[in-house]
Amino acid sequence: MTVLKALFSGLVFLVFVGGLALVGGYLWFQNEMSRPGPAVTGDVFVVSSGEGLGGIASRLEEAGIIRDGRLMRLAFRLDGTGATAKAGEYAIPAGASLAEVKARLIAGDAVLHRITIPEGLTTAQILRLVEADPILEGALPEAAPDEGTLLPDTYFFSRGMTRADLLDLMEEAQDDLIDELWPHRQAGLPLASPEEAIILASVVEKETGLPEERGQIAGLFVGRLKRSMRLESDPTIIYGVSGGEPLYNSRGERRTLYRSEIDRATDWNTYQIDGLPRTPICNPGRDAIAATLQPDDTDYVFFVADGTGGHAFAKTLAEHNRNVAAYRRIERERIAQERAN
């Protein structure tokens, strides 16, 4: 019995010591997790897509953000979150603890970059902006998106996003907007499909000088279509001539349309064809699309630039001709003043 008691007492002692060791180890681990990190300044740390846990932990240690990569690997494995460390660019503050660094990686709390796509650009012009962005990765897709399928907006993204993914995001954004707006369109519009709505919205976008004119210009074009009048929009001529790129003379100066270009028949020249252009002439923004589907009720059927950035609207041809004459006087005076200076 004495031997059994001794063995039992020894076993109890070992369990007790082992328990103390476990508790001590746990407390030490928690202390190490919460202890301020060694970095004395903030840093940016990039996690690549598909990068393994071991590589992340080692690079954090090499960068001086954490003290021991082994503890980071252990921390990930203990709660099973290693596989959820998200790719991206992370701003790590000075002195961030190992637990804080781990939490940022798991939450995907990455630095966001932005790219702004203005309304009214052609797809070719948008592709040039996307290609020139220094943060986006990868090549442009071999097949360019169709004209008018990209929604202009400001897009936020993390480092690691590809150019192809961003273009997909822009197409999805426009699809979502059309799905939202098309079912609630104004009754009686002379538009047979969402695709036709985008075509007309692209013309409205290019013709709009002032945001407050969108609804009126959309209403004017809708009225023309209902009356079987041609749209007679100058930007549609330009798209047929240059694909929407600005026109220049032989001296490299911006120019207006030539008479021969106005008379040239293309699939987009609405001075020469009935109805809508064959495709959109740009990528219209959300407001132009909304205005096209909910246009103002107007009797105006003519408009011309007024020399101040907006337009002069008219209900009759005689009134329109007077507005055109007034605009030409303004242009002559502007040109004379520029030459005098």
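The model is predicted, so local features need pLDDT of at least 70 and side-chain atom pairs count only at pLDDT 80 or more, while totals for chains, interfaces and linings use all residues. Residues are numbered from 1 along each chain as its sequence is written, and side-chain values use heavy atoms, with hydrogens and water left out.

**The chain as a whole**

The protein chain has twelve helices and six strands. These are DSSP runs, numbered from the N terminus: helices (H or I) have at least four residues, strands (E) at least two. The chain holds 341 residues, and buried ones make up 40% of them. Buried means under 20% relative accessible area, exposed means over 50%, and partly exposed lies in between (1.4 Å probe, protein chains only).

The accessible surface of the chain is about 18,800 Å². Carbon and sulfur atoms account for 54% of that surface. Areas come from the Shrake-Rupley method with a 1.4 Å probe; for residues, only the protein chains shown count as cover.

Contact means heavy atoms within 4.5 Å. Take the contacts between residues at least 6 apart in sequence: 63% of them join residues at least 24 apart.

**The nonpolar cores**

A nonpolar core is a set of buried Ala, Val, Leu, Ile, Met, Phe, Trp, Tyr and Cys residues joined through side-chain atoms within 4.5 Å. The largest one has 44 residues. Within this core, Ile115, Met170, Leu200, Phe221 and Ile289 touch the most other members. At least two core residues come from each of helix H5 (123-132), E4, H6, helix H7 (194-207), helix H8 (214-226) and H11. H7 gives the most, with seven residues.

Leaving out residues up to four places away in sequence, methionine 170 touches Ile117, Ile126, Thr149, Leu150, Leu151 and Tyr155. Another core lies apart, with 21 residues, including Phe45, Val47, Leu60 and Ala110.

**Salt bridges**

A salt bridge puts a side-chain nitrogen of Lys or Arg within 4 Å of a carboxyl oxygen of Asp or Glu. By this rule there are twelve salt bridges. The table gives three of these pairs.

| Arginine 159 | Glutamate 89 | 2.9 Å |

Glutamate 89 is buried, at 9% relative accessibility. Arginine 159 is partly exposed, at 25%.

Arginine 214 and glutamate 205 are both buried. A network of salt bridges links Glu205, Arg214 and Asp287.

Is arginine 278 buried or exposed? Arginine 278 is exposed, with a relative accessible area of 52%.

**Around arginine 255**

Arginine 255 sits in the loop between helix H9 (234-242) and H10. Polar contacts are pairs of N or O atoms within 3.5 Å; within protein, one must be able to donate a hydrogen and the other to accept it, and residues adjacent in sequence count only if both atoms are side-chain atoms. The side chain of arginine 255 reaches the backbone oxygen of tyrosine 248 at 3.2 Å. A polar contact of 3.4 Å joins the side chains of arginine 255 and tyrosine 258.
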